[in-house]
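Please look over the sequence and the model shown here before reading on.

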Amino acid sequence: MDTKKSLYSPSTLIIMTLMFVASAYFLLPFFWIIVASTKSDSQLFSTNPLWFTSPFNFLSNLKVVSSYDNAILWRWFLNSLIYAGSVSAGTTLISAMAGFAFSKYDFKLKNVLFYIILGTIMVPTTALVLPIYLLMHGLNLINTYWAVILPSLVNPFTVYLMRIFWMKEFPNELIDAAHVDGASDFAIFFRIGLPLVRGGLATVALFSFVNTWNNFFLPLVVISKSNLYPLTLGLQVWTSITTTSVGRGAPPYGAINMGILISIVPLILAFIFLRRYWQSGLSSGAIKG
Amino acid sequence: MRTKFRSGKYMPFVFLSPFLVLFALFYVAPLIYGFYISLFHKYGLRPPTFVGLENYVKAFTDSGFLSSILTMGEFFLIQGSIMIGLALLFALYIDNEQNHFRGFFKLVYYIPFAIPTVISGILWGFMYSKSLSPFQSIFGVFGLHPNFLSSGSLFWSIMNIVTWEWVGYNMIILYSGLQSIPRELYESAKIDGARNFDVIRYIKLPLIVPSLILAIVFTVIGTFQIFNEPYVLQSMTYVSTHFTPNLYIYTTAFSYGNFNFAAAMAIVLALVTFAISMIFMRFAGFKEE
């Protein structure tokens, strides 16, 4: 075994060092925002951007963000939870049902329908969001939760993912066995099927939760009332007010930085603790089903 | 093979109906409606008049729109190459079991993907701005005082944000491809005296061509849809509205109220994206199953 030797060869060391340099690059913005969230606005502009300073203003920034404009940031946080939570729950059920139909039944035009749905993954969101805005306008749904939730429920990619999970995790023999026992198709889907594909359900739920939490373009177009903003839109609006105006009343940087931190902490936690599911979604997408 | 369901013909559609109804309402209908309104022109308050394909002719001669597409073409060639090149190197590193800290690098490189692109835009925008930037002190050591938000450097600054966001995602796609290669191939190559480099050159690279094409196609689709980063930076510096097609389409629709022309451009953008994606798939001899 010469692995010991190759581990410590100069080229290995150089490559590993470069990998650590790259890590610093990827972590820099996170470190910067953590440091920034502990500073008052004047400290932010007068002290080393990459290190902490005293007094430590983390809690006072938290207080500022929780009182600015009647704590509207927490309202945005709640909105983001409502948008992402309901889309995630809805999309998971809808995709599980559709994936079930595509993988466990034979019916006319099945493949044509499936490939049409799959093909729409390529449609750029602008081509959809623009007419969706006009349709929502016609339906009087602009500035309602529905305007964000309803269009986000349709996701061809999660249907594709669920189809793969059904094919992999649910043996067709179970269907016959269950039918012999007199189970209905619904009972098979809910009682036998769903528990078997729970890995897929978790993947799709996480994927659509994060997608919706991170969405910006659709809310930008269909929401203009500030109390319905998700965090992404609210923070962008705050940033543009603060960076373009010197006037009074603009949100302080301390509030924006704390808001940014609040908006990404749940994602980072979800990312670290659920990373098995993040990756399984992508790898199933990468390997043709 | 043991059969699937043989229940009534309508059963699959019961499972499909929630998805199909929403798909029809929020995918198919907007696409058709978008195409429909793209055939009209609206002068002031008068009712829209049918103009056939005039908006499309206009799109192909509109210097702002063409320039946005060319800019993103250039962006794709430069940033796409850098990003996929880096993603490939990182994926090869974390795929090789002899390397150290693989789990750490995989997590750290992939984490920016979890952050909403709007938030990444704000974070980097702050870090680019003269008064908040950690880079000024770093570059200052060498007597350099770069302005990351000047019109000359903006193109590169946005490339950096997009690379930061998406390298890890592409790395995971390529890594999944690498992981699906049977390990025995490496063993037998080793026995035949192949070095690490030969294994990469003659086994790994040829076998992950499908994943590579997938990453390239996702990059094409993503690049031509870039919106959030330049939109956010608009409040911090001057960003031309024809920097990206989506920014141009959005401005045309929501600042100038010309939804008809915007709808036509959105469809042209969809077709351009589709055509370039197809070229890459054909180029690699990708075949539909």
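A residue is called buried if 20 or more other C-beta atoms lie within 10 Å of its own, exposed if 12 or fewer do, and partly exposed in between, with the C-beta atoms placed from the backbone. Because Gln236(A) has 23 C-beta neighbours inside 10 Å, it counts as buried. This is a predicted model, in which local features need pLDDT of at least 70 and side-chain atom pairs count only at pLDDT 80 or more, while totals for chains, interfaces and linings use all residues. Residues are numbered from 1 along each chain as its sequence is written, and chains are lettered from A and ligands numbered from 1 in the order in which they are written.

**Confidence**

- The model as a whole scores ipTM 0.91 and pTM 0.92.
- For chain B the mean pLDDT (the predictor's confidence in each residue, from 0 to 100) is 91, and 95% of the residues of chain B reach 70 or more.
- Where pLDDT is low, the predicted coordinates should not be read in detail.

**A buried residue and its surroundings**

- Gln236(A) is part of helix α14 of chain A, which covers residues 231-244.
- Leaving aside residues up to four places away in sequence, Gln236(A) touches Phe216(A), Val118(B), Ile122(B) and Val232(B); two residues are in contact if their C-beta atoms, placed from the backbone, lie within 7 Å.
- Gln236(A) and Ile256(A) are separated by 20 residues in sequence, and their C-alpha atoms are 9.2 Å apart in space.

**Residues in loops**

- The peptide bond that joins Ser54(A) and Pro55(A) is cis, with omega about 0 degrees, and Pro55(A) lies in the loop between α3 (41-46) and α4 (58-67) of chain A.
- Leu109(A), although not a glycine, has a positive phi of about 65 degrees; Leu109(A) sits in the loop between α5 (72-104) and α6 (110-119) of chain A and, with 8 C-beta neighbours inside 10 Å, counts as exposed.
- Asn143(A) is not a glycine either, yet has a positive phi of about 65 degrees; Asn143(A) belongs to the loop between α7 and α8 (145-152) of chain A and is partly exposed, with 14 other C-beta atoms within 10 Å.
- In chain B, Asn96(B) lies in the loop between α3 and α4, and because Asn96(B) has 15 C-beta neighbours inside 10 Å it counts as partly exposed.
- Asn96(B) and Tyr56(B) are 40 residues apart along the chain, and their C-alpha atoms are separated by 50 Å.

**A mostly covered helix**

- Helix α12 of chain B (residues 245-254) is mostly covered, since eight of its ten residues are buried, including Leu247(B), Ile249(B) and Ala253(B).
- What covers the buried residues of α12(B) includes α7 (125-138) of chain A, together with α3, α11 (228-233) and α13 (259-283) of chain B.

**Where the two chains meet**

- In this model, 74 residues of chain A are in contact with 75 residues of chain B.
- On the side of chain A that touches chain B, 49 residues are nonpolar, 18 polar and seven charged; Ala, Val, Leu, Ile, Met, Phe, Trp, Tyr, Cys and Pro count as nonpolar, Asp, Glu, Lys and Arg as charged, and the others, Gly among them, as polar.

**Helices packed across the chains**

- Two packed helices are described by the angle between their axes and the distance between the axes.
- Axes are lines fitted to C-alpha atoms, for helices over the stretch in contact, and angles run from 0 to 180 degrees between N-to-C directions.
- The axes of helix α15 (residues 253-273) of chain A and helix α5 (residues 117-128) of chain B come within 11 Å and cross at roughly 140 degrees.
- α15(A) and α5(B) are therefore oblique to each other, given that angles under 35 degrees count as roughly parallel, over 145 as roughly antiparallel, 65 to 115 as roughly perpendicular and the rest as oblique.
- This contact is formed by Ile260(A), Ser263(A) and Ile264(A) of α15(A) with Ile119(B), Ile122(B) and Leu123(B) of α5(B).

Technical notes:
Helices (H or I, at least four residues) and strands (E, at least two) are DSSP runs, numbered from the N terminus.
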